[in-house]
Amino acid sequence: MNMLEVKTPQRFLSVDALRGLSVAAMLLVNSAGDWSHVYPWLEHASWHGVTPADFIFPFFLFIVGVSLYLALTPKLESNLAKGLSNAELVHTVVWRGMRIIALGVLLHFIAYALIPGREFRLMGVLQRIGICFIVAGLLLIYVRRLSVLAMVSGVILLFYWGLLSVAGSYEPHLNLVDQIDSKVLGKLAYSFDVRTGLAQEPEGLLSTLPALVSVLLGVFAGASLRTGYAQRLWQSAILYAILAWAWSLYLPLNKQLWTSSFVLCTASFACVALWLAHRLIDRAQWPAIGLSFGINAIAAYAGSWILTCILAGTGWMSPLYQLYFAAPLASIWGAEFSSFIFAASFTGFFAILMYVLRRVGWRFSI
């Protein structure tokens, strides 16, 4: 289907709500009071396999794709009708993506500057989002046809599987992703062993390639919403789930490697979540829980990061947790519970802040 053959655009609060819930989940997972005591479902899988926490970032990338399609398509339609060039759209996409990348680098520099012993990390969540945003946006502008983008997505996933297979192993440090990150990023990676020269980066260079497909699958979902064929979401979910299960027999589900099976598995759940949100929020007019986070997603993520750096850098984080959370709760409910309540309180603080910002009409965008 040609992406220009679509209906009049409308606002989907379900998309904003899901984006917001994804950000809130990020804060919850990233803000444990005691990292030695975390509920299993709030921890990422140590290597192969998936936990609920592993679905959060793929969900967000999926929503990036949905939003990208909904935002770009009307402008592409308008330019086509008026015979105008898309040069301005290209500039907008590239420039915004670069700003997202720059913010990610800045946040890591803040962590490096404020937290004693913290090494500077080049890649990260925002950097991956920015890169995928730029590439997916340019593909939408220049390729346009969703059928071609679907073929591109399939080729990327197969090509990535082939690259990983040629390396001969999917295990830590032996796989191609870790080998490239060790050689190219080195000390700038998430973790680096000076003695062995081995590095690991969850948002690594090569693994950003299949992450792009997570965004493109969101593009297809956005097209289903905008054309009024929301049932394609659950139909796609079934297809992705079957393919993910079959592929996982040969290529394990793995977030760190962002394997092709992992892309399809997480996209399947994302499609179901979007379909349900659309039915409940856009159709049945249920409250758009998560809307405040969704409208100021970047502000919430960056703000929580900076506050965490300040608390950790000043040494206030541990006393704050021990005094107000661990002491009154851990002895009764357990250390995991007190650690979780700290994360929930931290997330709740930003939920209130984002709600206030939405009520006063403040929206931060980059």
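Two rings of Phe, Tyr or Trp (its six-membered ring) make an aromatic pair if their centres lie within 6.5 Å; planes under 30 degrees apart count as stacked, over 60 as edge-to-face and the rest as tilted. The legends describe a predicted model, in which local features need pLDDT of at least 70 and side-chain atom pairs count only at pLDDT 80 or more, while totals for chains, interfaces and linings use all residues. Residues are numbered from 1 along each chain as its sequence is written, and side-chain values use heavy atoms, with hydrogens and water left out.

**View A. An aromatic cluster and a Phe pair.** Tyr-39, Trp-41 and Phe-340 belong to one aromatic cluster. Over the whole structure, the search finds 17 aromatic pairs. One of them is formed by Phe-55 and Phe-59, edge-to-face with 6.3 Å from centre to centre and 85° between the planes. Phe-55 is buried at 15% relative accessibility, and Phe-59 is buried at 18% (buried is under 20% relative accessible area, exposed over 50%, partly exposed in between; 1.4 Å probe, protein chains only).

**View B. The pair of Trp-161 and Trp-247.** The ring centres are 5.4 Å apart and the planes stand at 75°, so Trp-161 and Trp-247 are edge-to-face. Trp-161 belongs to helix α5 (residues 146–167) and Trp-247 to helix α8 (residues 231–248), so the pair ties together parts 86 residues apart in sequence. Helices (H or I, at least four residues) and strands (E, at least two) are DSSP runs, numbered from the N terminus. Trp-161 is partly exposed, at 26% relative accessibility, whereas Trp-247 is buried, at 13%.

**View C. Arginines over aromatic rings.** A charge sits over a ring if NZ of Lys or CZ of Arg is within 6 Å of the ring centre and within 35 degrees of the ring normal. Arg-128 has its charged end over the ring of Trp-258, 5.1 Å from the centre. The face of Tyr-229 has Arg-232 over it, at 4.3 Å from the ring centre.

**View D. The largest pocket.** On a 1 Å grid over the protein atoms alone, a pocket is an open set of points where a 1.4 Å probe fits, with protein on both sides within 12 Å along at least five of seven lines; lining residues have an atom within 4 Å of a point. The largest pocket holds about 1,500 Å³ of space (the volume filled by probe spheres set on the points, which are joined across faces, edges and corners). Its lining has 46 residues, and Asn-30, Trp-35, Arg-118, Arg-121 and Tyr-190 are the closest to the centre. Helix α11 (297–314) gives the most to this lining, six residues. The lining consists of 27 nonpolar, 10 polar and nine charged residues (Ala, Val, Leu, Ile, Met, Phe, Trp, Tyr, Cys and Pro are nonpolar, Asp, Glu, Lys and Arg charged, and the others, Gly among them, polar).

**View E. The second largest pocket.** About 820 Å³ of space lies here. Arg-19, Ser-67, Ala-71, Arg-96 and Arg-363 lie nearest the centre, out of 32 lining residues. The largest share of the lining, eight residues, is from α2. By class, 19 lining residues are nonpolar, six polar and seven charged.

**View F. Cys-265 and Cys-271.** With a disulfide taken as two cysteine sulfur atoms within 2.5 Å, the count is zero. The sulfur of Cys-271 has its closest cysteine sulfur in Cys-265, 12 Å away, too far for a bond. Cys-265 is buried at 12% relative accessible area, and Cys-271 is buried at 2% relative accessibility.
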